[in-house]
Amino acid sequence: MRNLQLSFNQTQKVRLEKALERLESLSSKSNPNSCVTVGDTIPVYEDGILKGHGTSDQKGELAATVCGVVERINKLIYVRALRARYKPETGDIVIGRVIEVVPKRWKLEINFTQDAILMLSSMNLPDGIQRRRTAVDELNMRSIFTENDLVCAEVRSSQGDGSLQLQARNQKYGKLERGQLLTVDPYLVKRRKQHFHHLEEYGIDLIIGCNGYIWIGEHVEARDKMVVDQGSNSEQLIAECDKNSMDLDEQDGTCTPREARQNICRIANAIRVLSRLGFNITVEVILETVNLSNSLNLDIHDMLGSEFYVLVAESEAERRSLSKRKR
Amino acid sequence: MEFVSPEGLRLDGRRPTEMRQLRAEIGNVAKADGSAVFEMGNTKVIAAVYGPREVRCEYSMANFSTGDRMRKPKGDRRSTEISLVIRQTMEACILTHLMPRSQIDIFVQVLQADGGTRSACINAATLALQDAGIPMRDIVTSCSAGYLNSTPLLDLNYVEDSAGGPDVTVGLRLLSCGTYGYTLGPMD
């Protein structure tokens with residue numbers, strides 16, 4: 001949690017500090033001796049250890065190259081940095097924005113040291129047929145994704161020089177529309193089994209990208225590739241139409257209904273609060289925060305006020321202490 | 001002018017081998033990957049680190065490129081020299097081979113200058129790099145020293161710096177086995 005720039009009054013400050021202290025005391029399972037700074041020697045107790053990230057061999061001893069916590073898993077010793085850029089691994093779900101369209105590939109910006117590459121051959125064609133990409137396909141690349149589109153994809157591999165290759169060969173990957181993108185710090189998103197969540201009660205799709213980009217959007221049914229072709233039409237209509245008019249009833253439905261938009265904003269604010277407080281972003285925590293705001297009948301913009309921050313911190317401390325007691 | 005009194009006190013009451021009060025804070029610039037504010041007495045410096053990120057090309061016009069000579073190019077000789085010094089110091093420590101084809105931007109700004117700005121800049125940059133989680137070989141710390149009234153003085157302030165005696169800024173790398181080596185030593 002870095003310098004929350006909010007004005008807390010005295011009681012709120014006290015409550016917030018109490019909640020944070022409680023959280024700290026609950027989470028101190030790691031040995032305080034295992035914090036290292038750059039250049040510190042890491043004590044090694046056995047032979048045959050594997051040197052992981054954040055360590056380097058210096059004059060026969062293991063030294064840390066980042067400030068962080070030493071983690072030991074079997075024979076692997078590595079230093080987990082407290083704040084670091086996104087570290088991609090094969091199979092990660094990421095969300096990226098198209099920056100460039102170059103022959104046979106798209107370049108996406110994914111909050112990583114370099115832009116990721118999505119090859120034309122790693123993308124399903126609109127008509128769904130599996131075939132060789134011809135020159136005509138190359139010329140029509142812009143009809144699939146153009147600049148500044150949001151794309152959801154999976155990390156296929158990382159090349160030797162550090163560049164990243166993505167693939168989007170599944171129905172659930174592809175262009176993201178009708179929703180909001182949020183950026184949080186990548187270290188707040190842990191790798192889980194599921195990154196795609198469909199929140200039924202709100203009718204919202206939630207995609208938590210491992211690179212810290214989170215997509216909250218109106219629920220789209222199993223992607224029909226035909227939607228991509230009509231994409232340009234519906235987007236124009238969405239831009240023009242009024243929030244309240246649901247009478248415009250085209251083939252694929254145009255305006256996002258007002259309630260869906262409010263839900264999207266509510267969930268987005270919940271995620272903003274959680275990321276400012278430095279809590280891990282998981283579906284359960286997000287839903288709890290949203291339920292908390294609903295139970296208090298808070299207006300959506302009040303969720304970013306200081307009172308809600310304090311409440312969220314307190315409820316998180318409560319939740320963690322409960323789960324610890326259960327164990 | 002007397003910079004060291006007969007009792008052995010300097011103008012601000014310090015002993016010759018005494019440093020000024022140090023203060024440091026990290027995380028001030030929310031947008032940056034890493035940031036730090038470093039104070040050595042009255043000298044205050046803020047550093048922000050962005051990176052590693054995609055190498056982008058920057059376009060700028062030289063001031064002689066148009067018909068009439070344009071505005072002065074950014075940075076006079078002194079700040080260019082200091083930028084180069086800081087960059088070389090950091091490059092010696094950052095494990096650049098772990099981040100191929102990306103760039104790390106370090107922006108340092110002096111908020112208050114009272115002598116020893118070079119050292120404060122290096123210290124602030126080191127802290128900001130560590131805050132950003134960029135892998136480094138070693139930490140670099142830096143301090144200035146000089147010689148006035150036949151006494152070696154540590155951590156000069158502005159008055160002592162401009163007194164005309166020799167001064168040196170030294171950057172020290174703390175190697176893991178505890179011995180020290182120096183990375184830079186420009187003498188003015």
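**Rings, surface and contact**

Biologist: What makes A:Trp106 count as buried?

Modeller: The relative accessible area of A:Trp106 is 0%, and buried means under 20% (exposed is over 50%, partly exposed in between, with a 1.4 Å probe and protein chains only), so A:Trp106 is buried. This is a predicted model, in which local features need pLDDT of at least 70 and side-chain atom pairs count only at pLDDT 80 or more, whereas totals for chains, interfaces and linings use all residues. Residues are numbered from 1 along each chain as its sequence is written, chains are lettered from A and ligands numbered from 1 in the order written, and side-chain values use heavy atoms, without hydrogens and water.

Biologist: How many aromatic pairs does the structure hold over all chains?

Modeller: There are four aromatic pairs over all chains.

Biologist: Why is the pair of A:Tyr86 and A:Phe112 called edge-to-face?

Modeller: Rings of Phe, Tyr and Trp (its six-membered ring) pair if their centres lie within 6.5 Å, with planes under 30 degrees apart stacked, over 60 edge-to-face and the rest tilted. The centres of A:Tyr86 and A:Phe112 are 6.3 Å apart and their planes stand at 75°, so this pair is edge-to-face.

Biologist: What makes this a tie between separate parts of chain A?

Modeller: A:Tyr86 is in the loop between strands S6 (76–81) and S7 (93–102), and A:Phe112 in the loop between strands S8 (105–109) and S9 (116–123), so the pair ties together parts 26 residues apart in sequence. A:Tyr86 is buried at 4% relative accessible area, and A:Phe112, at 15%, also counts as buried.

Biologist: How is the pair of A:Trp106 and A:Phe145 classed?

Modeller: With 5.1 Å from centre to centre and 65° between the planes, A:Trp106 and A:Phe145 form an edge-to-face pair. A:Trp106 lies in strand S8 of chain A and A:Phe145 in the loop between helix H3 (141–144) and strand S10 (150–158), so parts 39 residues apart in sequence are tied together. A:Phe145 has a relative accessible area of 2% and is buried.

Biologist: Why is B:Leu11 called partly exposed?

Modeller: The relative accessible area of B:Leu11 is 42%, so the residue is partly exposed. B:Leu11 lies in the segment before strand S1 (22–26) of chain B.

Biologist: How many salt bridges are counted between chain A and chain B?

Modeller: The count is zero, where a salt bridge is a side-chain nitrogen of Lys or Arg within 4 Å of a carboxyl oxygen of Asp or Glu. The contact (heavy atoms within 4.5 Å) takes 22 residues from chain A and 27 residues from chain B.

Conventions
Helices (H or I, at least four residues) and strands (E, at least two) are DSSP runs, numbered from the N terminus.
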